[in-house]
Amino acid sequence: AECISGCVCPEGLFDDGKGGCVEEKDCPCIHNNQWYSSGQKITVDCNTCTCQKGVWSCTEDVCYGTCIIYGSGHYITFDGKFYDFDGSCEYVVTQDFCGDKNSSGSFSIITENVPCGTTGVTCSKAIKMFLGKTELKLENKDYKEIQRDVGDDVRYWNRTVGLYLVIEASNGVMLIWDKKTTVFIKLTPDYKGKVCGLCGNFDDKSNNDFTTRSGLQETNALTFGNSWKQSSMCPDVTEEIKPCDVKPHRKSWAEKECSIIRSEVFKICQSKVDPNPFYEACVHDACSCDSGGDCECFCSAVAAYAQECTKAQACVFWRTPDIC
C-alpha cells in the first residue's frame, strides 16, 4: 500500500544473510543456526557435507551406530532414544541372537548393574562381552579373557586411548569403556535391524526401540528393561527412583554443579545437542551418588554430554583444575 524505503540487491545478485549481495554460486548455507560460505565443508556423523550454491551436498557413507550407557542407569540407544532404567541384575545390552530360531549370532554384550549409593539407583559395575568362543570380562579397571569351548573364532584387538579402553573385534563390534560406569558400543551398519537388547534394534527409528525379549513393543521403560534380565532370580524393577526426592538436601548442590551443561562453557554445543536430558541425568546422578565418588558421578555425566558435543563437531574444553 505504501512504499517502504530500504535496500535490495541489484538484479542477478542475492542477499547473503549478512547484509551483502552475492552471485548465486556464492550463496551461503545454514546449519544449526550458523552460516557457512560456499565451498565450506562440515562433518555430520561420518559424512562430509559441502556448501554448494546455498544447499548442502553430502557424501552418503553409512555410519557406525553408537549406544551409550553411563552413570546411574542412563541409556541412549543406537537410534537416539534417551531413557533411564535402574535394575540390579545382569542385562543384555545388545546381541545379534534375536528371535530367529536358526539364527546363530556372533556376539553378545551383558552389563552387570549394582546399586551405587543408598537411594537404590544402579550403575554398571562389570561388562561381559561374548565374541564367538571368547568371553571378555571388564571389571575393576581391567579386563580378563576366558576361552569357552563353543562358538566361532572372532579376533579382537585392544588399545588404550586417553581415559578409555577400546576393544575392537573382527565382526564389526567395538566397545569403549572408561573403566568406571560409562560404556560406548559401536556397531557397523551391517547390524542394522539385526540386534536386540537394552540398546534397541538399530533400524534408524527410535519409536520401536522398546522391543522386549519376546518381540513385543512396549511403551514403558521398566517393562522393557525387565524383559532383558539374564536371570529370573533377580527382582523386577517396579518404580522409577527419583534420588533428589529421596535426598532433598543434595538437590541444590547437584543443580549448581550440573548447571555447567547449560552454561556458556557449552554454548557452542547447545544448538547442536539438546543439553536438557543430559542436565536432568546429571542432577539425578549427583543426587544419587551419596556414598563416595560424588565427583566421579558428576564428572561422568558432564563427560557424556561433552562426548556427544564432540560427535556433533563442537569441541568443548570444560575440564579445569577445579572441575573434574
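**Exercise 1. Domains**

Find how far apart the C-alpha centres of domain 1 and domain 2 lie in this predicted model.

*Solution.* Start with the bounds: the protein chain is divided into domain 1 (14-58), domain 2 (65-227) and domain 3 (243-312). Next, take the C-alpha centres of domain 1 and domain 2, which are 38 Å apart.

**Exercise 2. The seven-stranded sheet**

Work out the strand order of the open sheet of seven strands, and say which strands stand at its edges.

*Solution.* Step one is the order, which reads E10-E9-E8-E19-E18-E17-E16, with antiparallel pairing. Step two is to look at the ends: strand E10 (82-84) and strand E16 (156-161) each have a single partner strand, so one side of each has no neighbour in the sheet. From one strand to the next, the twist averages 15°.

Step three zooms in on one pairing. Strand E8 (residues 65-70) and strand E9 (residues 74-76) run antiparallel and are joined by three bridges. Here tyrosine 70 faces histidine 74, which belongs to E9.

Helix H6 (residues 294-311) lies across E8, strand E17 (164-169) and strand E19 (183-187), and it runs at about 165° to E8.

**Exercise 3. Two hairpins in a row**

Follow the chain from strand E5 through E6 to E7, and identify the residue with a positive phi in each hairpin.

*Solution.* Begin with strand E5 (residues 41-44) and strand E6 (residues 47-52), an antiparallel pair with four bridges. Threonine 43 stands opposite threonine 48 of E6. Two residues lie between the strands of this hairpin, and aspartate 45 has a positive phi near 55°.

Now move on. E6 is also joined by four bridges to strand E7 (residues 55-58), and these two run antiparallel. Threonine 50 has serine 57 in E7 as its bridge partner. The hairpin of E6 and E7 again has two residues between the strands, with lysine 53 at a positive phi near 50°.

**Exercise 4. Aromatic pairs**

Describe the geometry and placement of two aromatic pairs, Phe107 with Tyr191 and Tyr164 with Phe184.

*Solution.* The structure holds twelve aromatic pairs. In one of them, phenylalanine 107 and tyrosine 191 sit 5.3 Å centre to centre with 75° between the planes, which is edge-to-face. Phenylalanine 107 is in strand E12 (residues 107-115) and tyrosine 191 in the loop between E19 and helix H1 (221-227), so this pair links parts of the chain 84 residues apart. Both phenylalanine 107 and tyrosine 191 are buried.

Tyrosine 164 and phenylalanine 184 are edge-to-face as well, with 6.1 Å between the centres and 65° between the planes. Since tyrosine 164 belongs to strand E17 and phenylalanine 184 to strand E19, the pair ties together parts 20 residues apart in sequence. Tyrosine 164 and phenylalanine 184 are both buried.

**Exercise 5. A ring cluster and charges over rings**

Which residues form a cluster through ring pairs, and which charged residues lie over the rings of phenylalanine 210 and tyrosine 279?

*Solution.* The cluster consists of Tyr75, Tyr83, Phe210 and Phe224. Over the face of phenylalanine 210 lies lysine 81, 4.7 Å from the ring centre. For tyrosine 279, the charged end of arginine 262 sits over the ring, 3.7 Å from its centre.

**Exercise 6. Buried or partly exposed?**

Classify threonine 119, lysine 179 and glutamine 313 as buried or partly exposed.

*Solution.* The cut-off needed is that buried means under 20% relative accessible area. Threonine 119, in the loop between E12 and strand E13 (122-131), has 11% and is therefore buried. Beyond its neighbours within four places in sequence, threonine 119 contacts Ile241, Pro243, Val246, Lys247 and Ser288.

Lysine 179, in the loop between strand E18 (173-177) and E19, has a relative accessibility of 26%, so it counts as partly exposed. Its phi is positive, about 70°, although lysine 179 is not a glycine.

Glutamine 313 is in the segment after H6, and its relative accessible area of 43% makes it partly exposed. Glutamine 313 also has a positive phi, near 65°.

Conventions: Residues are numbered from 1 along each chain as its sequence is written. This is a predicted model: local features need pLDDT of at least 70, side-chain atom pairs count only at pLDDT 80 or more; totals for chains, interfaces and linings use all residues. Side-chain values use heavy atoms; hydrogens and water are left out. Domain bounds come from an automatic or database domain assignment. Two strands pair if DSSP finds at least two bridges between them. Axes are lines fitted to C-alpha atoms, for helices over the stretch in contact, and angles run from 0 to 180 degrees between N-to-C directions. Contact means heavy atoms within 4.5 Å. Rings of Phe, Tyr and Trp (its six-membered ring) pair if their centres lie within 6.5 Å; planes under 30 degrees apart count as stacked, over 60 as edge-to-face and the rest as tilted. Buried means under 20% relative accessible area, exposed over 50%, partly exposed in between (1.4 Å probe, protein chains only). A charge sits over a ring if NZ of Lys or CZ of Arg is within 6 Å of the ring centre and within 35 degrees of the ring normal.
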